[in-house]
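Here is a short report on one protein chain. Keep the sequence and the 3D view open as you read.

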Amino acid sequence: MFEINSNLDTDKLKKVFKENRSVQIFDFLTPASANLFYDFLNTAMPEDWWSTSVLVNDSGAKGYSVKPQHLRRKPENLQLIEDLHRGANNSFVSGRFCYSFDRTTGDHSKNCPCVECHFRKFLNSDTTINFLSNITDLNIKETGEVFASRYRTGQFLSPHHDQNKGQIGFVYNITKNWKPQYGGALHFMSDDYNAVTKVVFPTFNRVTLFDIVTRNGVPHFVSHVAPGIREKRISYTGWFK
């Protein structure tokens, strides 16, 4: 169901990763594979398979988090989600780690035949593991946590690092027709969090790999999606270990 593009220059990709400890792989999957996954996550997957995930980091003496990852988008939950999103934005202004975006939870049956479950198996296949191990020159064995993420108007992920999540972080973008002015860009930062070192705009069928271990986590964030944007910034993200 899913195939890596056989025309990729693995030697060049390996060289780029060695020099930068990160690499962007354009046209990662074959067109048929990429479009299949795009169609599933954008239109075919039931809407209630998405959950709104919000982290509020309050300004009290002891911070607390509210993580309703499994809130289904039902009418009775909309006000709660709106309140939590407002709280997350207040945390963002205060410089505390927080987020607000939609995600899949992966709580499917063992033999679920859906496209996302096939993609999860593809990520853990010998073909994918060997490809990534060759590019990164690391002994990658399997995925850690992986999920689809969807950013809509006003949603974001504040600066953080992925220390102890795995060896390699990845973001596979499956968004079409996204424009830079929409926001929702992945920003990599300096270790002191005071400067942006690279900006990665959502580009269809491109995967970004970045080494977590050598820097004890790489600071990064996803900027707010601008008001009134109807398009959805969708990617598949997670970690290999």
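## The largest pocket

The lining of the largest pocket has 13 nonpolar, eleven polar and six charged residues. The model is a predicted one. In this pocket lies about 550 Å³ of space. Its lining counts 30 residues. Nearest the centre of the pocket lie Phe101, Phe147, Leu157, His160 and Trp239.

Which strand gives the most to this lining? Strand 12 does, with five residues.

## Leu157, a residue at the pocket

Leu157 is among the residues nearest the centre of the largest pocket. It lies in strand 6. Is Leu157 buried or exposed? Leu157 is buried, because its relative accessible area is 13% and buried means under 20%.

Leu157 has contacts from other parts of the sequence. Leaving out residues up to four places away, Leu157 touches Phe97, Cys98, Tyr99, Phe101, Tyr151, Phe221 and Val222. Now take Leu157 and Ser223. They are 66 residues apart in sequence, but 6.7 Å apart in space, C-alpha to C-alpha.

## The chain as a whole

The chain has five helices and twelve strands. Its radius of gyration is 18 Å, close to the 18 Å that the globule rule gives for 241 residues, so the chain is as compact as a globular protein of that length. Along its principal axes, the C-alpha trace spans about 50 × 40 × 35 Å.

Of the 241 residues, 50% count as buried. Next, take contacts between residues at least 6 apart in sequence. Of these, 80% join residues at least 24 apart.

## Two nonpolar cores

In soluble globular proteins, nonpolar side chains tend to be buried together. Here, the largest nonpolar core has 38 residues. Which members touch the most other members? They are Phe28, Tyr172 and Leu209. The largest share of this core comes from helix 4 (residues 115-123), which gives five residues.

Setting aside neighbours within four places in sequence, Phe28 is in contact with Glu3, Ile4, Asn5, Leu8, Phe122, Phe131, Tyr172, Asn205 and Val207. One of these, Tyr172, is named with Phe28 among the core members that touch the most others.

## A closed cavity

Rolling a probe the size of a water molecule over the atoms shows where empty space is left. How many cavities of 30 Å³ or more does the structure hold? It holds one. About 50 Å³ of space lies in the largest cavity. Phe28, Phe119, Leu123, Leu132, Phe170, Tyr172, Val207, Leu209 and Phe240 line it. The elements that give two or more residues to this lining are helix 4, strand 7 and strand 10 (206-211).

By class, the cavity lining has nine nonpolar residues, no polar ones and no charged ones. The largest pocket, by contrast, has eleven polar and six charged residues in its lining. Phe28, Tyr172 and Leu209 line the cavity, and these three also touch the most other members of the largest core.

## Helix 5 and its packing

Which residues of helix 5 (residues 126-136) are buried? They are Thr128, Ile129, Phe131, Leu132, Ser133, Ile135 and Thr136. The buried residues pack against helix 1 (10-20), strand 1 (22-26), helix 4, strand 7, strand 10 and strand 12. Among them, Phe131 is in contact with Phe28, and Leu132 lines the largest cavity.

## Positive phi values

Just after helix 5, Asp137 takes a positive phi of about 60°. Asn164 also has a positive phi, near 70°, and is a residue other than glycine. Asn164 lies in the loop between strand 6 and strand 7. Asn164 is exposed, with a relative accessible area of 74%.

Tyr193 has a phi near 65°, again positive in a residue other than glycine. Tyr193 sits in the loop between strand 8 (186-189) and strand 9 (196-200). Its relative accessible area is 30%, so Tyr193 is partly exposed.

Key: Residues numbered from 1 in each chain as written. Heavy atoms only, no water. Core = buried A, V, L, I, M, F, W, Y, C linked by side-chain atoms within 4.5 Å. Buried < 20%, exposed > 50% of the residue type's maximum accessible area, 1.4 Å probe, protein only. Helix = DSSP H or I, 4+ residues; strand = E, 2+ residues; numbered from the N terminus. Contact = heavy atoms within 4.5 Å. 1 Å grid on protein atoms, 1.4 Å probe; cavity = no way out; pocket = protein on both sides within 12 Å on 5 of 7 lines; lining within 4 Å. Points joined across faces, edges and corners; volume = space filled by probe spheres on them. Nonpolar A, V, L, I, M, F, W, Y, C, P; charged D, E, K, R; others polar. Rg over C-alpha atoms; globule rule 2.2 N^0.38 Å.
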